[in-house]
Amino acid sequence: MSQRRTFADQSFSCVFGGLTLLGLLILVGPVFIVLITSFTTSASLRFPPPELSLKWYQALFDTTQSAHIHRAAGNSLWVASMATLGASILAVLAALAIGRSRRPAARALEASFLSPLILPSLAYGLATLMFFALLGLRPSLTHLIGGHLVVIAPFVFRTTLATVTQLEPALLESSASLGAGRFMTFRRITLPLIAPGIFAGAFLAFVASMDNVPVSLFLSSARTDMLPIRMWGMMESTLDVRVAAVSGVLILVILVLMFVMDRLTGLTRRMSF
Amino acid sequence: MRAAAVDWRLAAPLGIVYLALFAAPLLLLLGISLHADQDLQQWGLDNWTKFWGDAFYRGVVWDTLRLGVAAVLVTSLFAWPLALFFCNASPRTQKVLIFIILLPLLTSVVIRTFAWIVILAREGLVNQVALALGLSATPLRLLQTETGLVLALMQIEMPLMLLPLISVMRGLDPNLLDASRALGAGMWRSFFRVILPLSLPGWIAGATLVFASACTAFISQSVIGGARLVYLPSLIWQQAMVVYDWPFAAVCSVTLLLTVLAGIMMLNWLGRYARTD
């Protein structure tokens, strides 16, 4: 670029640079504000906190005082693990089924398997509540696992499908011509090659299930309380500062998981590119 | 292995689970919305006419749509500069940026909403800055306003806009911008005539996600918007879990579904129109 920088070009740099800075600040600022607030001594959410302490973390880890939070966290972990396991198995099979096909039927199936991502899941949440209630079933964690599975399966499906379509057909053909059966080829060639896609998708699915509100909102009950719903309740009634401590723990877990997953699967490369 | 067909045996398990746990409940929802009484004995369009005949409920639909559009507009304002910055950054900076984009996406929506309460509250960050700088003599009311809600939704939804936009903009040929500059176009003109139209497919993918998710963001809407601002999701929750009027709640849900689908179809139509232009 040997052109003279005009006033218009400078104004472009200023506006775009300013918006970029502000955008970055808005993206990460809130996460750190929550982290700092969680170390407050005060019972109010004043920012910055007057003094720092671990008071609210002690309250959070107290087994009697925060028993309901622990139970909700346990429920959420169980549901997320089971739903992720189920969703991963089903979605990987489905991705293998259509990954190498260019037929219209494959495109139609792909669109319908991805549809829970776009359809408002709040409407789906209510639908599942009515569905299980009219079948005469009492609220249970199994229903939550089923509801979550449907909502999170597209995450695994999408990332696995991306790796399946990139599989080199020659590899599979040479494996077959060297005498390997279908199962052998799958286990020794296909699975290792698509594993990063499966793990990245399973990670996103697990996080999505842990965070899920629309389905849990309708399917959870006092006995089957889920963590986000419990936190919402704590925010709605009295602004309990323990919410900040729960958030602090979850943010740290996510940060660690992000680094681990990036090492294992190249998550940052796989997100959209 | 050439021209592979769909392997139906492998697609069947997920397909059957979707039919039983996804399609069936949604059809049931539609069926319940077509019932006239709460015991689900009589069929009828009564609840539909009750919903659409009432100016209050029509207003709720309109407000929900407006909220989704506002969230798309505000995220777009920041998304293009951020995406341009990303594409011109070194690989090392790009990796840091991806973390910055993914961190809020992977942090629970409840936490992000909670953060905005800390920021927007009476004693919050915004008010302290505004009072210290003398921008305002009294604390501003930001919680329970549409402005505060749109601001929070912008941060909550921004990654959904950024990821598809960046992935399309990374694929653009950098020579196009150089050519535009060499032919004498300034940066503004190059942006609006070259980068913007070419990155439109990415924007449409992002806008679809932002719109759908802003319209259905129950937690953010109810906590930051408060009881004063009513949107379709809180109306659904209240009708289903407080009033126990299932047919009416079903009508609200199907309306939410159709509203979001209409928005998505509009965006796709926009995309097709833009491409043939």
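The radius of gyration used here is taken over C-alpha atoms, and the globule rule behind the comparison is 2.2 Å times the number of residues to the power 0.38. With that in hand, let's start with chain A of this predicted model. A compact globule of 273 residues would come out near 19 Å, whereas chain A has a radius of gyration of 23 Å. Along the principal axes, the C-alpha atoms of chain A fill a box of roughly 75 × 70 × 30 Å.

Of the 273 residues in chain A, 44% count as buried. If you take the contacts in chain A between residues at least 6 apart in sequence, 75% of them join residues at least 24 apart.

For a closer look at how two helices meet, find H10 (residues 227–236) and H11 (residues 242–265) of chain A, whose axes come within 10 Å and cross at roughly 150°. The crossing of H10(A) and H11(A) is left-handed. H10(A) brings Met231(A), Met234(A) and Met235(A) to the contact, and H11(A) brings Arg242(A), Val243(A) and Val246(A). By class, the residues of this contact are five nonpolar, no polar and one charged.

Finally, step out to the neighbouring chain. The contact between the chains takes 78 residues from chain A and 80 residues from chain B. On the side of chain B that touches chain A, helix H1 (residues 8–33) of chain B gives the largest share, 14 residues. That side of chain B has 65 nonpolar, nine polar and six charged residues.

Technical notes: Residues numbered from 1 in each chain as written. Chains lettered and ligands numbered in written order. Predicted model: local features only at pLDDT ≥ 70, side-chain atom pairs only at ≥ 80, totals over all residues. Contact = placed C-beta atoms within 7 Å. Helix = DSSP H or I, 4+ residues; strand = E, 2+ residues; numbered from the N terminus. Nonpolar A, V, L, I, M, F, W, Y, C, P; charged D, E, K, R; others polar. Axes fitted to C-alpha atoms, helices over the stretch in contact; angles between N-to-C directions. Left-handed = near helix turned anticlockwise from the far one by under 90°. Buried ≥ 20, exposed ≤ 12 C-beta atoms within 10 Å, placed from the backbone.
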